[in-house]
Amino acid sequence: MSGAQPILQVSGLSKRFGGFVALADIELEVKAGERLGLIGPNGSGKSTLVNCLCGTLRNESGTVRFQGQPMDGLAAHQRTRLGMARSFQLPRPFGTLTLAENLRIPLLYAVQTRDSMPEAAIDKRCMDLLRMVGLHEKATRLPKDLTQIEMRKLELARAMAAEPKLLIADESMAGLSNQEVDDILALLVKLNEEQGITIILIEHIMRAVLSFSQRLVVLVAGRKIADGDPRDVVRQDDVVAAYLGS
Amino acid sequence: MKNPLFILWLIVAAALTFGLARLVDNAYFYFAGYVVLQYIVLSTAWNILGGYTGYVNFGIPAFIAVGAYSTVVLHKTTSLPLVAMIAIGGALSALLGVGTGYLTLRLRGTFFSIATLAMAVVMQTLVTNWDFVGGSRGAYIIRPATVQYLGINYIEYLFLIMLGLSIFAVATARAIEKSRLGFGFATIRDDELAAEASGVPTLKLKLIACGLSGGFMGMAGSPLPYYVTYLDPASTFSLSYAVNTIAMPLIGGTSSWLGPILGAILLGTLQQVATVTISSAVSLLIVGVLLVFFVIVAPKGILGWFQK
């Protein structure tokens, strides 16, 4: 493949839980600025892969390279500081902090470790991020006052607050209506096109994945079975078999 | 309110308290007041770990004992002033805090609490078998009658020291609360996984919280031998220290520096009054009844009434 340098390189990555092989020998390359879709049936190892990429879980073998640098032994917070951010499948807001304070955390702990930011700039950035996802009127509210879609938007805004180069969105649209899915999709595409952020989207909603992704990777039972143009990938026999049964 | 201004207010409040004590002019007031102040330090210290980061520590007596027994050792071997002994006791106790944190950092919730409880039992066994500090027989400390350079009784001096420690502890807790560190602690309490994903070094912050919390508890325990003049393992490791220290922030409210103070003053004073007027056994009953009452009626403590 030509063009941009890979921002993420995964080679030979394996993860097992006891005797269960969750991921086997995963090879993956993501180019800077790319929009990658990652799909697979339930239990195929998508979230485990995200956890291994982000340092939440330790992989037994293989390496993850981010911007050419090996991530071995780096804790999750160190990877976030380097520019890798994620949103969680089930939103995990900081329940006792207001929305603005929720976004303040990555600014204080990820962005400020790279370059200093005056207090006023932090406040402004929090509000800008909230405005981006349309939650600015609820800045002083607590997460428990939010609806499901607002919660997911907060989750994305918090990941964005860390000013990532690579954003991994783990099922940020599950359970949302069509309109809401479109809202989130538009937001993600905007982030990718305007700020050049590389995005890996993990999703079950085919319509969303197909309209978003420039490339599609399919995981089945911990193995990568397809990688390529979304239109071609979904026609592959083994992908169809994995989803519909042969 | 800016931190320096807040400290000024604390000093004014402390001066008023000491002035009131002089006005009452009854030695017992100092004895009772010392205990209340000691609990302000202890519950504020506990709240840094328990309230801010959400890690419930039951091993409070172990930290008090490190402070108290380091004073016993220093008293027997050196002629350091009490303030220096407090600094050393606090430092040793902070080390114990960091060590405990490091060994138990994989444990969450109840498991962490049980580990700290076990740590207290281990410490008690060690002290009970340590002959130099009196073992199970206990240690006698003969305290001076007066403090020459201040021209006051020794108990007044101890009261004053504890007043100073309270200012130190409360000012620190408040400074942390709305700082970068305080926000970090809050994310650990709310969701450790999300905290890591937001760039918060949770392990490091937990160790800082353990160290600060343990350090202040040790400082609160350091003057204890001079206060009781006879220190034995059974009463130093008394469960009532742990129960009171945890009950006070819970009753006052764990979300802010004010909660532990409210709880300590309310519960500490009630206990002192009950000890004198009824019996010392009743004071423990009061804790139990109040705790049950607050868990049912006001789970967020007194502060919770004033918050939405």
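## Crossing of H4 and H9 in chain B

In this predicted model, H4(B) passes H9(B) in a right-handed crossing. The two helices, H4 covering residues 82–104 and H9 covering residues 202–221 of chain B, have axes 6 Å apart and pack at an angle of about 145°. On the H4(B) side, the contact is formed by Ile86(B), Gly89(B), Gly90(B), Ser93(B), Ala94(B), Gly97(B), Val98(B), Gly101(B) and Tyr102(B). H9(B) contributes Leu207(B), Cys210(B), Gly211(B), Gly214(B), Gly215(B), Gly218(B) and Met219(B).

## Geometry and burial of H9

The length of H9(B) agrees with expectation: at 1.5 Å a residue, its 20 residues should span 28 Å, and its end C-alpha atoms are 28 Å apart. Of these 20 residues, 16 are buried, so H9(B) is largely enclosed by the rest of the structure.

A disulfide is a covalent bond between the sulfur atoms of two cysteines. A search of the whole structure, over all chains, finds zero disulfides.

## Crossing of H2 and H13 in chain B

Helix H2 (residues 27–52) and helix H13 (residues 258–277) of chain B cross at roughly 145°, and their axes come within 9 Å. The crossing of H2(B) and H13(B) is right-handed.

From H2(B), the residues in contact are Tyr28(B), Ala32(B), Val35(B), Val36(B), Tyr39(B), Ile40(B), Ser43(B), Thr44(B) and Asn47(B). They meet Pro260(B), Ile261(B), Ala264(B), Ile265(B), Gly268(B), Thr269(B), Gln272(B) and Val276(B) of H13(B). This contact of H2(B) with H13(B) has 11 nonpolar, six polar and no charged residues.

Phe111(B) lies in helix H5 (residues 109–128) of chain B. Its relative accessibility is 59%, so Phe111(B) counts as exposed, for which the cut-off is over 50%. Phe111(B) and Leu250(B) are separated by 139 residues in sequence, and their C-alpha atoms are 20 Å apart in space.

Technical notes:
Residues numbered from 1 in each chain as written. Chains lettered and ligands numbered in written order. Predicted model: local features only at pLDDT ≥ 70, side-chain atom pairs only at ≥ 80, totals over all residues. Heavy atoms only, no water. Axes fitted to C-alpha atoms, helices over the stretch in contact; angles between N-to-C directions. Helix = DSSP H or I, 4+ residues; strand = E, 2+ residues; numbered from the N terminus. Left-handed = near helix turned anticlockwise from the far one by under 90°. Contact = heavy atoms within 4.5 Å. Expected span 1.5 Å × (residues − 1). Buried < 20%, exposed > 50% of the residue type's maximum accessible area, 1.4 Å probe, protein only. Disulfide = S-S within 2.5 Å. Nonpolar A, V, L, I, M, F, W, Y, C, P; charged D, E, K, R; others polar.
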